[in-house]
Amino acid sequence: MTSSEMWGRDAAERYDAEETEMTSAHVLGATVGFLAELAGDGRALEFAIGTGRVGVPLRERGVPVTGIELSEHMAAVLRRKVDEDTLPVVIGDMATTVVPGEFSLVYLVYNTVSNLLTQDEQVECFRNAARHLRPGGRFVVELGVPPLRFLPPGQVAVPFDVSERHLGFDTIDPVEQILVSHHFTRDGEDGRYRRGASRHRYAWPAELDLMARIAGLERERRVADWDGAPFTQDSPKHISVWRKSA
């Protein structure tokens, strides 16, 4: 059992169309280039591969990719893009599901580790990554920095997008480290908005480093984005790389 919320059919069908920024040539090019360099001549395993936004172009780059995905609906969208022989996907959760073989790279992109809503499950996710890595292999996580600096006393909500077709804000419980992302998305031209929400357990970079140490991984690198910009106190997210001892 997993605490992750399940992506349904409707959400899976809309996912690629709604994530236009994350599917842009610049973002994908930088992401795939970063991961391909780390994978080298080895295999890559993507936890929570979803619709294959990253996994499919990484496979097209020449890196053998396998995926683990909890939602059969998300995996079904991926399967329209590439067949099972080219990019195999195992249905299961990223904290406990095991696939055959060793990998030079295991990766989790776009805040997906926060879908695991307990610290114990996030620790198990790191252990599962280490379980799949060959000696010297890397585990990569892309995750936002908790936006607590934007919360004045008494406020619990932080906006992250205010645009013509979408309103988004996060509500934050700093005691339980639970963040709920609320989305109001305008469908069609009649002015109506579709409401959605997703729960996440946020974690600080230092907390992730401790999870990695528990799993036998050592931090190798932390940057602010896929282009390799320095990570600073003002960075809204980080790309972290941990290495398994040779």
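This is a predicted model: local features need pLDDT of at least 70, side-chain atom pairs count only at pLDDT 80 or more; totals for chains, interfaces and linings use all residues.
At the start of helix H4, a side-chain oxygen of Ser71 comes to within 3.2 Å of the backbone nitrogen of His73, where helices are DSSP runs of H or I with at least four residues, strands are E runs of at least two, and both are numbered from the N terminus. Residues are numbered from 1 along each chain as its sequence is written, and side-chain values use heavy atoms, with hydrogens and water left out.

Staying with H4, which covers residues 72-81, the buried residues are Met74, Ala75, Val77 and Leu78, buried meaning under 20% relative accessible area and exposed over 50%, with partly exposed in between, for a 1.4 Å probe and protein chains only. Viewed down the axis of H4, these buried residues fall within an arc of 155°, so they line one face of the helix, the arc being taken from the directions from the helix axis to the C-beta atoms. The face turned away from that buried side carries the exposed residues Glu72 and Arg80. The buried residues pack against helices H1 and H3 and strands E2 and E3, contact meaning heavy atoms within 4.5 Å.

Strand E2 holds Glu69, whose contacts beyond its neighbours within four places in sequence include Met74 and Ala75. Glu69 is buried yet has no salt bridge, and the nearest side chain of opposite charge, Arg79, is 11 Å away; a salt bridge here is a side-chain nitrogen of Lys or Arg within 4 Å of a carboxyl oxygen of Asp or Glu, and for charge, Lys and Arg count as positive and Asp and Glu as negative, with His and the chain ends not counted.

Note on methods:
A polar contact is a pair of N or O atoms within 3.5 Å; within protein, one must be able to donate a hydrogen and the other to accept it, and residues adjacent in sequence count only if both atoms are side-chain atoms.
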